[in-house]
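Subject: Structure for you to look at

Hello,

Here is the structure I promised to pass on. Please open it first, then read my notes below with the model beside you.

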Amino acid sequence: MKCPYCNEEMEIGYIQCRDGVYWSEKKRNIAALPPVRGKYIDLRAIVEGSYQSYTTAYNCPKCKKILIDYDKE
């Protein structure tokens, strides 16, 4: 994948957490669990119908940016 900022090739890797990986609109004290209210996105990968404790991510060492494609389709 090419970096959208500098057009260099990105490195594929993973963002991992034991209890899940979530994006939320607000910072929380206990971030490992999904919010009970408010807007959030579950970023975990789905493998054989089960959620995993990671998501695939692309790292650009030059720009210091990480991209996550959270489309589960």
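Start at Cys-63. Beyond its neighbours within four places in sequence, Cys-63 is in contact with Cys-3, Tyr-5 and Cys-6. Look for Cys-63 in the loop between β6 and β7. Cys-63 is partly exposed, at 25% relative accessibility. Now find Cys-3. Cys-63 and Cys-3 are 60 residues apart along the chain, yet 8.4 Å separates their C-alpha atoms.

One caution before you go on: this is a predicted model.

How many disulfides does a search of the whole structure find? The count is zero. Cys-60 is in no disulfide, and the nearest cysteine sulfur, that of Cys-6, lies 3.7 Å away. As background, a disulfide is a covalent bond between the sulfur atoms of two cysteines.

Is Cys-60 buried or exposed? Cys-60 is buried, with a relative accessibility of 1%. Cys-17 is partly exposed, at a relative accessible area of 30%.

**The overall plan**

Now step back to the whole chain. The chain has seven strands and zero helices. Along the sequence, the pattern reads β-β-β-β-β-β-β. There are 73 residues, and 19% of them count as buried. The accessible surface of the chain is about 5900 Å². Carbon and sulfur atoms account for 48% of that surface.

Contacts across the sequence are worth a look too. Take the contacts between residues at least 6 apart in sequence. Of these, 46% join residues at least 24 apart.

The mean pLDDT of the chain is 84. A score of at least 70 is reached by 88% of the residues. Which element scores lowest, and which highest? Strand β2, residues 22-24, has the lowest mean pLDDT, at 80. Strand β7 has the highest, at 95. Where pLDDT is low, the predicted coordinates should not be read in detail.

Go to Ala-57 next. Ala-57 sits in strand β6. Ala-57 is buried, at 5% relative accessibility. What does Ala-57 touch, leaving aside its neighbours within four places in sequence? Its contacts are Glu-11, Ile-12, Gly-13, Tyr-14, Ile-15, Ile-66, Leu-67 and Ile-68. Pick out Gly-13 from that list. Ala-57 and Gly-13 are 44 residues apart in sequence, but 5.3 Å apart in space from C-alpha to C-alpha.

Ile-66 is another contact of Ala-57. Ile-66 belongs to strand β7, which covers residues 65-68.

**Charged pairs**

Side chains of opposite charge can pair when their charged atoms come close. How many salt bridges are there? The count is two.

- Glu-9 pairs with Lys-2, and their closest N and O atoms are 3.6 Å apart. Glu-9 is partly exposed, at 45% relative accessibility.
- Arg-44 pairs with Asp-42, and their closest N and O atoms are 2.7 Å apart. Arg-44 is buried, with a relative accessible area of 17%. Asp-42 is buried as well, at 17% relative accessibility.

Why do Arg-44 and Asp-42 count as buried? Buried means under 20% relative accessible area. Arg-44 has 17%, and Asp-42 has 17% too.

Finally, check two phi angles in loops. Glu-48 is not a glycine, yet its phi is positive, about 50°. Glu-48 lies in the loop between β4 (46-47) and β5 (50-51). Glu-48 is exposed, with a relative accessible area of 82%.

Lys-64 also has a positive phi, near 65°, and is a residue other than glycine. Where is Lys-64 found? Lys-64 lies in the loop between β6 (54-60) and β7. Lys-64 is exposed, at 67% relative accessibility.

Best wishes

Notes: Residues are numbered from 1 along each chain as its sequence is written. Side-chain values use heavy atoms; hydrogens and water are left out. Helices (H or I, at least four residues) and strands (E, at least two) are DSSP runs, numbered from the N terminus. A disulfide is a pair of cysteine sulfur atoms within 2.5 Å. Buried means under 20% relative accessible area, exposed over 50%, partly exposed in between (1.4 Å probe, protein chains only). A salt bridge is a side-chain nitrogen of Lys or Arg within 4 Å of a carboxyl oxygen of Asp or Glu. Contact means heavy atoms within 4.5 Å. Accessible areas come from the Shrake-Rupley method with a 1.4 Å probe; for residues, only the protein chains shown count as cover. pLDDT is the predictor's confidence in each residue, from 0 to 100.
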